[in-house]
Structure formats: structure tokens, C-alpha cells
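Hi,

Here is the structure I promised to pass on. Have a look at it first, and then read my notes below.

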Amino acid sequence: MEKSSIESIKEYSITNRVRTGMDVASLKQAVIEHLFYQQGRSIKDASLNDMYLAVSYAVRDRLKLREQTTMDAVISKNNVRIVSYLSAEFLMGPQLGSHLIDLDIFDEMQEVTHDLGFNLKDIMNQEPEPGLGNGGLGRLAACYIDSLASLEVPAIGYGIRYEFGIFTQYIVNGWQEERTDKWLQTGNPWETPRPDLAVSVKFGGHTESYQLDDGRLAYRWIPAYKVKGIPYDSPEMGYNVPSCNFLRLWKSEAEESFDFKAFNHGDYDKAVDYKVKSENLCKVLYPNDAVVEGKKLRLKQQYFFVSCSLQDMMRLHLTSGGMPQTFHKRWAVQLNDTHPALSIPELMRLLVDEYQLDWETAWKVTTQTFSYTNHTLLPEALEKWPVALVHYLVPRLLEIIYEINARFLQEVGRLFPNHYLKLKRMSIIDEEGNRSVRMANLASVGAYAINGVAALHSELLKKQVLPDFVDMFPNQFFNVTNGVTPRRFMVLSNPLLSQLITNTIGQTWPGKLEELKQLEPYAGDPEFRAKFRKVKQENKKFLALKIKEVCGIDVNPYSMFDVQVKRIHEYKRQHLNVLHILTLYHRIKKNPEIDLVPQTFIFGGKAAPGYQKAKLLIKLITSVAKVVNSDSDVKDRLKVVFYPNFNVSNAQFIYPAADVSEQISTAGKEASGTGNMKFAMNGALTVGTLDGANIEIREEVGEENFFLFGLTAQQVEETFKNGYSAKFIYEHNHELRDVINWIDSGYFSNGDTSLFKPITSSLIGDDNYRLMADYPLYIKCREYVEQVWRDADKWDKMAILNVARIGKFSSDRSIREYCEKIWKLT
């Protein structure tokens, strides 16, 4: 009997240690060979980037066999359901360090690079960060891909291979400046292009009807043009397991990249016009959709990647012996927010148009395939696309959406007769004004399960966003609280703390985070507390050096490091933090000898390029920093830092150094948050509202180990119902009034009294995020934080208990819940 290709590879690998060996000698030879044969370099003339590529290729060899073996085993078994995670974002972070930890060869590779005259940390720092995500959504997807692999759940992550990712942020004269993120410029050693698996995606044109042999009416889509999707695969290794999943990202190309006829006629631009237009589709993560062309491109991106992915899934299903009508038995497709929602009508198109299933059978398959995760309660973030635009780009899908909607509303009308407003609210098509397609409604109609991402968020989702769908499908709503991977955000990011934990409770905890509970008794041990404090201090010293290097600001590593790093948005309330800083600064100006705890306030995060208020918040932070940091009256009791270009790489040394984690969003606005978990894992104490996952973190770590303030979500809601006057609060709180007037005076803007008016006017006016109401509660809370900080033993004990009790927030637990509640996988 002929050997399979995988068996042949296994046999070859046993004898070829250079490709698969985990010992120092095999790894060293692999690096040298890749350096010479693949890159044409010798050790003598190798640059840091050459070494980064050679080391990465050597590591990828060891992942590749595991990836191929895993997928061969999975595809060969018809009873195995594979998770398909569809996400417009995957903020994976640098991969080399993560893979070394997963393969348990970090120390060996450190020895190899040292023997070759290089430092492994310098090599790792050479890796560009793939900017394929904007923030929490993409980072969550990356954590889940890690946990799916670590729990040996067969899975493929599907997304877009953006040529230029989220912009690189520079701070110029205090303002955010966006520059192109050229993450592919020096090469990506982890990906493997698979042009043999290319698919074709239709756009524009029109549809026509025809009759099948059995008399049924059918439709074909005659596109205006097609775009080719090329998959690029990257291995995604689990922690301490033999199996390996992969991430498949799609790149767009023209079906015909060169018009030879146009070229021969001297029209050189036209000769490559189709190529340029096709490749533009995947150029940039989230084009600015404030303009029509931006909207068009963003919708094209969404359809492109879901069509590519579903065609690929169907190919895998059919080639492994499946049939179109059993697609749902092979695939559990998770929609990471509404960006992939067009996958629902696209699967219907494939089943009905391409494989000629009847509508009822196709709909049954579709509604047993998809589950939908909602990530936001903000109305402006719930996607809606103009009907005219959908018709222009994907006319066949609009026809299918109309048919889905008609049948769905018929069922709504049957279950809720004479409920016209319910029909109107539940319709996939919003008939108000310029008609639009509601993507959240589409996802809710086509999914068999809908989940929120924190207990409070899931309740508010049912109550405020999708109450009508709860009435109709009460058993389809779930909560799965977000989690983060401890492999990246503890083991890789905080090796000193990780080693202390391993020396104390053993080495299995990174894969079983609940084992951190064993640290609880050590919170009362003075010797352990001293070691814990030393780890924190070393991390703070390192961050202080980075701040000096990047920002040019000297900070005291023995001061309290108060950190707020996240996307810049009004509901996240970075300006509440600023008002607290100004309150302290104002107190110093009134009484220069006041006794204050030395504090360093560290901000980081990007503002969306079109979000002017958020960009103004950055300018406010940097302007306050400039004044406070140069005032001799302050005497280093306060320092303010805006650390530019916050991303996964920077996060890995910021989280471990934080003493205080600022999680101060308006209650009821943050879906979950994951930064709050990463901070607590690394021993920071949370100052937070009862919002998102803060509630559950507080329940787990103990309310006495969490600094709580602010209105509850219900109280916030009542202020909108019963009336609210921010101006009254402003007029009756003298400290608040003084600092806002101070901002308006031009003191922090070189005398420009109008610069920050959009911020202060909105606070005194509508104050939509109830910052003014929470200000006095926040100030009082912060005074208590200072009081606790002065008692070092108490602070350390609280910090240790945060680490010990954070086990619930591993993404491994989240994935186990998805498997049990939603995907029905064992």
C-alpha cells in the first residue's frame, strides 16, 4: 500500500534532525543552513534581520510537520467538527517568542544564538508586529486562536492579509500623526502562500433567472468583474501539545494581472489598472468609511474574505467525502462581531445557486452552521450598510437577504400577530430614510447561538440591543466572558514573575491557570511578598528606561505607576483620568508643600483617524504632560507620559510594570475589556467602575482587592430617563470647576482658549458618558488608593491575591465554554 504524504514526511523527519530536532545542535545547524541556503548569508555578514529570519524559518520547520499532521488527522475523520473563526481582525503580536515558548525550546534557542554571536532578545525585537487589528477585537481573536490550539480543538482562523495594517502612531507637537504600517517590508517568515488553493470572488453585475431540469426556478450571478483570493497560511501552535492549527489570511489579486492588448496600444496605465484595483482591496485595515469610496472598499473587504473562506471550507468538506447538505456537521463557524455577517447569505448562495439545494434544506444547514458574538452596545458601532451599496457590489446577496427577511418576518408575524413595531425593529432591512441592511439583525436571524462577552454585557445585549430576538429565540442567547492567553501575557511578557510562580507552585500553571490559586497562602508570607515586590520593581525600571528612550521623560521607578492603555474613546474616559491629574496638580499649585504619593501616569492608545474628539483627547494629555512635567513646584511628585504606538509588543512590557490599572469606562458601555485581565494577571490593582468584565474580576479577586467607584449601569440609565445636569455638578463642585476653567483659560494650550472647548463644552453640556457625575467618586477613590499605597505590605498582599485569583480569565476557559455551550464539541 502506498504511503501517504504525511507518513513520508514523518519518516523523513525522524532521520532529518535539522528540520525537526529540538536539541541545541539540531537547532544551530538549522539556523546556519537557512541563513546560507535560503538567504545567501554567512554568520560573518548576517544582520539582525537575517538572523531573525533564519531563526524563524528554523522554528517554522518544527511547526510545519505538526500543522500538516494535525489537519491530515482531522480531515480524514468525517465525525470531527472543525471550528472556523471568522474575524476581520487578528492582532497576533510578534510570533517568534510565543512559538519558542509553545515548543519549549526558548532556552535552547537562546544558547544557539549566543553561540553564533547574537542575543536572542535583540533578534526577537527585530520582528515587526503584524498590525492586523485595531484593538480588543483582534487581540481577543488572537488569544482564542492560541487557546484553540492549546486545547487541541481543530480550528482555522480566517481573515484578511492586509498589506498595511493599523497605522503606526507618532506624536508630533502633541498631536497623533498616522503613518503607514509596513509590516511586510522585511519579509514574513511565518506565512506560506498557497496559490494552488486560490478562489474566485464575484462583484457587481446583475443576476438572471433560469429553470432547472426538475422545474425549479434558479438564479445565476453574472458579475461585472472577479477578484482572485490567494490564501496565506501561518501555523498556530498550542502550548505543550503536539498538534498545531493554522491561520489562513486572504490576499486579493486580479484574475488577469496584465492587459497585454492595452500595453501594445501604448496604454500602460490601463494595462495594469485591473491589477491595481484588485490588490487595493486588501491594502489597508479599515479604510476610512466617512467617504463613499471608503464604505465601498470596507464592504468589499468583508464580502471578499467571507466568500473566500466559505469556498475554502466547502472545498475541504467535499474533498474529505462530505456533501453540501452536511456542511454544518463539519464546520462550526463563529462570527467575531458583524464584520463577517455576509457569510450567512453567501453560504445560502453557494448551497442554492452553486450546489442547487432547495431553499429549506439550505436554510437548515446555514442556521446550524453559524454562531455570532456581539462585541458592542454602542448604537453607532452596530454596522448598517446602504441597500444601494449592497446591490451595487453584491446584487445576488441582496436578493437572498430580501428572501431571508421576507420568510423571517412572516414567521415573526405568525408568532406575534399585530405587532407592527416589533416587525419593524426585527427586520433585516431598516426602511427609515436611506434604506440599509442591519448586520446585527442579519447575524441574529442566521445564527443558532448569540453570545455576549461579559455577564453584564450579555444582559444588556438582551435587554437593550436585541430584546425582540430574545422574545423569539430565548434559548439562543449565551454569555461567554472573554479571556486572555497567559502564555503571551505572563510567560512571555513577564518572565520574572512567571519564574517566581513556577518556583513556588510548579510549572504546569500556564496551561491550567486555575492553579494560580495555590499562591493565595503566599500573600501572607513576608519573604514571598519581598520577592514579588522585587519582580515588580525590576519591571518598572525597565519601563522607565523605555519611557526615557522613546519619550525623553525621566520617571521615578519607585513612584506609583498608574496606567491607562487602550483605544482612545470618550466612553473609555481618558479625560476623567486627566481631570484627576489636574486636580492633584491644582492642589500642588495652591500648596506646594502638600504631602502626595509620587505618581507616574502613563497613557497609551490610538484614536481612529476620523475621530477628531479622540485625537483632541491625545492632544490634551500631551499638553498637560508638557506643563506638569516641567513645573518645578511639582518636584517629581507627578509625571505624565503618553507612550506612542501602543500595540502588543509595547503592551508586553507595560502590563508587567503597572501598579494601578485604570478601567474607568462609563458603566454599561464597555462590552468586556481584556486589558483589565492582563493587568490583574501581572499584579496591578484595578481602579474601575462596574462595567464589562470589571464586575467579574472584582467578584473573583475579592471586593477588598479592587478599587471601585462610580455609577452603576442602571444608575447611568436612570440619569437619561429622569434628567441630568452636568452644569449643576460643574457649578457646585469647586475643584471640578477650577480644573475645567483652567483648561479653558489656555494654560495648557499656549494661551489658546478655544483649543479644548469641544471637550469641556461637551462635559458641561450633554456629558453623554456621565464623567461629571463620576468625578467626585473617582477623586475620593483615588485618595483611598494613595492611602493603601503607603502601606506596602497591604498593597503587595492585594496584588498577589489579584494574580492568585485571576485564573477564570484565561482564554482557555472561554474556549472550553464555547465548545460546551455553543459549538457542542468535546
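This is a predicted model: local features need pLDDT of at least 70, side-chain atom pairs count only at pLDDT 80 or more; totals for chains, interfaces and linings use all residues.

Now step back into α6 itself, which covers residues 106-115. Which of its residues are buried? They are Met109, Val112 and Thr113. Seen down the axis of α6, the buried residues fall within an arc of 90°, so they line one face of the helix. The general rule behind this kind of pattern is that an α-helix has 3.6 residues a turn, so residues three or four places apart point the same way. On the face turned away from the buried side of α6 you'll find Asp107 and His114, which are exposed. The cover over the buried residues of α6 includes α3 (24-38), α4 (48-75), α5 (96-103) and α7 (120-125).

Next, a helix pair. The axes of α14 (residues 343-354) and α17 (residues 395-415) come within 9 Å and cross at roughly 100°, which makes α14 roughly perpendicular to α17. From α14, the residues in contact are Ile344, Pro345, Glu346, Met348, Arg349 and Asp353; they meet Arg396, Leu397, Ile400, Ile401 and Ile404 of α17. Sorted by class, this contact has seven nonpolar, four charged and no polar residues.

Last, find Ser493 in the loop between α22 (486-492) and α23 (495-505). Is Ser493 buried or exposed? Its relative accessibility is 9%, so Ser493 counts as buried. A polar atom of the Ser493 side chain lies 2.5 Å from the backbone oxygen of Arg488. Leaving out residues up to four places away in sequence, Ser493 touches Arg488, Gln652 and Pro656.

Cheers

How values were computed: Residues are numbered from 1 along each chain as its sequence is written. Side-chain values use heavy atoms; hydrogens and water are left out. Axes are lines fitted to C-alpha atoms, for helices over the stretch in contact, and angles run from 0 to 180 degrees between N-to-C directions. Helices (H or I, at least four residues) and strands (E, at least two) are DSSP runs, numbered from the N terminus. Angles under 35 degrees count as roughly parallel, over 145 as roughly antiparallel, 65 to 115 as roughly perpendicular and the rest as oblique. Contact means heavy atoms within 4.5 Å. Ala, Val, Leu, Ile, Met, Phe, Trp, Tyr, Cys and Pro count as nonpolar, Asp, Glu, Lys and Arg as charged, and the others, Gly among them, as polar. Buried means under 20% relative accessible area, exposed over 50%, partly exposed in between (1.4 Å probe, protein chains only). The arc is that of the directions from the helix axis to the C-beta atoms. A polar contact is a pair of N or O atoms within 3.5 Å; within protein, one must be able to donate a hydrogen and the other to accept it, and residues adjacent in sequence count only if both atoms are side-chain atoms.
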